[in-house]
Structures are given as structure tokens and as C-alpha cells.
Amino acid sequence: MYKKITVIIVAVLMFGLSAFCVLKPREEYSESERRKLAFFPAFTFSSFENGSFASDFESASLDQFPLRDRFRTVKALAQYKLFGFSDNNGFYLKDGFAAKQIYPLNEASVKNAAEKMTAIYEKYLNSENKIVVAVAPDKGYYLGDKSGHLSLDYRRLSEILQQNAPFGEYVDLTDSLSADCYYKTDTHWRQEKIAPAAEKIAAALGFELENNYTVSTATDNFYGVYYGQSALPLPAEQLNYIESAAINACSVYNAETDTTGKVYDFDKLSGKDPYEFFLSGSVSVLKITNPNQQNRKRLVVFRDSFGSSLVPYLIEGYSEITVVDTRYINTSILSEYVDFSGCDVLFLYSTLLLNDSYTLK
């Protein structure tokens with residue numbers, strides 16, 4: 001009797017969940033993982049024969065499974081609490097920080113990034129430009145060894161970058177930061193914690209930061225990208241930002257949308273990635289005009305998302321800062337948007353991008 005009941009329960013769960021998975025409205029996007037979800041494929045004999053139908057159906061089944069996020073959380077907690085695993089799909093916890101194991105170092109990718117930087121230098125820059133190169137380390141630099149997880153060979157990364165992009169002054173930021181400078185649930189550093197790193201970059205560019213700013217809170221309910229990707233029930237964090245007379249007076253021209261806004265975009269706080277609050281996120285070309293600075297000095301910053309929160313520190317030193325993300329614009333047309341004559345230049349990339357740099361154009 002009990003065996004029959006067990007079989008019936010298992011059958012109901014198996015077929016019931018399968019039917020629910022197929023019949024429920026499809027979800028196009030996972031807010032927690034910040035990625036598009038797979039759809040069930042249309043059946044064709046050719047796709048069945050070559051095996052692509054089975055593969056695509058499996059991917060869709062996993063992505064469209066009912067209560068998927070809850071099951072992901074249960075699985076992640078079981079990995080840590082029940083089975084004693086040190087990570088869950090490459091994500092791990094250390095001192096309350098969620099991090100991703102980034103390993104090994106992709107030397108070819110770092111060289112590719114250096115080649116892209118060199119191409120920009122050879123096409124647009126010369127000895128009249130003051131050029132600084134800096135790398136934003138990922139959290140693994142500060143958490144990997146302590147947690148027993150593999151991490152990049154950061155020394156080798158720096159060597160490759162300096163050897164293949166020798167035209168700029170290299171600034172090592174690693175001793176200016178610590179694990180506490182990063183969000184617990186996100187990849188990025190906390191803006192209010194990176195003043196020492198900004199000071200080192202400013203000094204290399206030839207000026208001293210006054211650091212005459214106040215810290216304000218944009219939201220108390222920030223969940224970073226690792227919150228969803230790790231599937232762990234981590235608490236919300238504060239997302240803070242620095243304010244000053246210079247920052248608040250600036251106008252920011254967005255070349256993609258042909259609109260002018262401010263340094264901080266409050267509309268982004270309710271979007272898919274609240275970190276885009278800083279300089280509106282991933283934008284190909286932004287031009288920041290500082291009416292409080294009359295020295296006519298200009299800075300061009302080549303950056304990834306880490307630069308979005310550091311650039312506001314540098315505003316006080318320049319009348320104009322142009323921020324460029326060459327993942328979204330081809331370097332061959334930069335002269336249409338950027339005046340490189342006599343300007344200072346900062347290349348600021350994270351180890352995350354340098355280790356996977358093939359999105360750079």
C-alpha cells in the first residue's frame with residue numbers, strides 16, 4: 001500500500017511539474033541572474049536528427065522550471081550547509097562576501113587588451129598626452145587565498161600589461177583597496193571606499209584630490225549581480241555615492257541618446273542593474289562638463305563598469321572628461337566624438353575584463 005502511494009506521489013510530482021513547466025507562461029528574462037532565459041524549441045525532424053532539439057529542450061527545461069529560483073536557493077544552501085562544499089558553481093562566501101572564482105589567468109586575453117590600448121595610442125595619442133594605466137582588481141585578489149580558492153596570477157597580469165602597453169605610467173591600485181571596498185553581493189567596488197585608489201590615479205595624472213565631498217545613500221535595498229547568480233539568501237546593502245559642488249554642477253552628455261543629464265542617474269536604481277546609477281551604466285561615449293573648473297584641462301577615460309564610480313572623484317581636476325567604453329564603439333571612429341589633442345588619458349580596466357577582453361573593439 002505504502003509503495004503504491006509513494007509511486008503515485010512521485011508520478012504526480014513528475015508529470016505535474018513537467019506539464020506545468022511546458023504550459024506555464026514562458027519567462028524571457030531572469031532578474032536574479034540578469035540573463036535571457038532559453039525557450040522551448042520548435043520541433044523539426046532535422047533538429048531531432050542532429051541532436052539540437054534535445055539539447056535546446058534540456059536548456060529550456062532548466063530555465064523554465066517552476067519555482068526555479070527557490071530550487072536554486074535550496075540547492076545552494078545544501079551545497080554549503082549540508083554537504084560542506086566550498087563553492088556553488090564557482091561562487092563562494094568569505095566573511096559575508098559573495099565572490100566568484102576567476103581562474104586561470106588568460107594571458108592571451110590580457111595581451112589582446114594591451115594590443116587594443118596600443119592601437120588607440122598609435123592612432124590618436126603622442127608624447128603630448130599624459131597617459132596613465134591602472135587595473136581594478138576583482139574581489140578574488142583579497143578573498144581567494146584566505147578562503148582557499150584559486151585566483152588569478154595578478155603579478156603576471158600586471159607584467160603582461162606593462163610589457164605590451166609601455167606607453168603609459170602604470171599605477172598599482174592593489175594596496176589602496178581591501179575586501180571591504182567591494183559590495184558583498186556584487187562584483188564592483190563601493191564608491192565611498194575607493195578614495196585612496198582615486199588619489200593614486202589623480203597623483204599620476206598630476207594633481208591632488210581635495211576630497212571635499214559628502215557621502216549620501218541612493219538606496220538601502222541594493223542587491224548585486226552575485227546575489228542572484230550565487231542563489232544565496234544574502235541581505236540587501238546600501239548603495240552610497242559621493243557628492244560635491246563640482247559633481248552636482250556637472251552636465252553629462254550621452255552620445256548614444258543625444259541627451260544631457262547628471263553624473264548620477266536615479267532612474268537606474270529601479271532598473272535591472274542598480275549599479276548603472278553611476279554615469280548611467282554601459283554607455284559608449286559620455287562627455288562630462290564641469291563649469292566649476294576653468295583650467296581647460298581635459299581627460300579621456302577608457303573604462304569598463306568599474307570606472308563609472310571612480311570617474312566622479314576626478315571631476316574636480318578637469319573642465320571636461322570624456323568617458324569611453326570601447327566594448328560599445330569601434331575605436332576607428334573615436335575621432336568623431338573625442339578631441340585627443342593635449343588631453344590627459346586614463347586606461348582603467350578591471351581584471352574581470354582583462355581576463356576576457358574580446359568584447360573590446
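**The open sheet and nearby loops**

Reply: Asp95 lies in the loop between strand E3 (91-94) and E4. The model is a predicted one. Asp95 has a phi near 55°, which is positive although the residue is not a glycine. With a relative accessibility of 49%, Asp95 counts as partly exposed, since exposed requires over 50%. Another loop, between strand E4 (97-100) and helix H5 (107-124), holds Pro104. The peptide bond from Tyr103 to Pro104 is cis, and its omega is near -5°.

Now to the sheet itself. Eight strands form an open sheet with mixed pairing, in the order E6-E5-E14-E12-E13-E11-E9-E10. Its edges are strand E6 (169-171) and strand E10 (259-261); each has a single partner strand, so one side of each is left without a neighbour in the sheet. On average, neighbouring strands of this sheet are turned by 20° against each other, direction ignored.

Within the sheet, strand E12 (residues 298-303) and strand E14 (residues 344-350) run parallel and are joined by five bridges. Phe302 stands opposite Phe347 in E14. Helix H8 (residues 195-205) lies across E12 and E14, as well as across strand E5 (131-136) and E6. The helix runs at about 150° to E14.

The loop between strand E11 (285-289) and E12 contains Arg296. Arg296 is not a glycine, yet its phi is positive, at about 60°. The relative accessibility of Arg296 is 76%, so this residue counts as exposed.

Definitions and conventions: Residues are numbered from 1 along each chain as its sequence is written. This is a predicted model: local features need pLDDT of at least 70, side-chain atom pairs count only at pLDDT 80 or more; totals for chains, interfaces and linings use all residues. Side-chain values use heavy atoms; hydrogens and water are left out. Two strands pair if DSSP finds at least two bridges between them. Helices (H or I, at least four residues) and strands (E, at least two) are DSSP runs, numbered from the N terminus. Axes are lines fitted to C-alpha atoms, for helices over the stretch in contact, and angles run from 0 to 180 degrees between N-to-C directions. Contact means heavy atoms within 4.5 Å. Buried means under 20% relative accessible area, exposed over 50%, partly exposed in between (1.4 Å probe, protein chains only).
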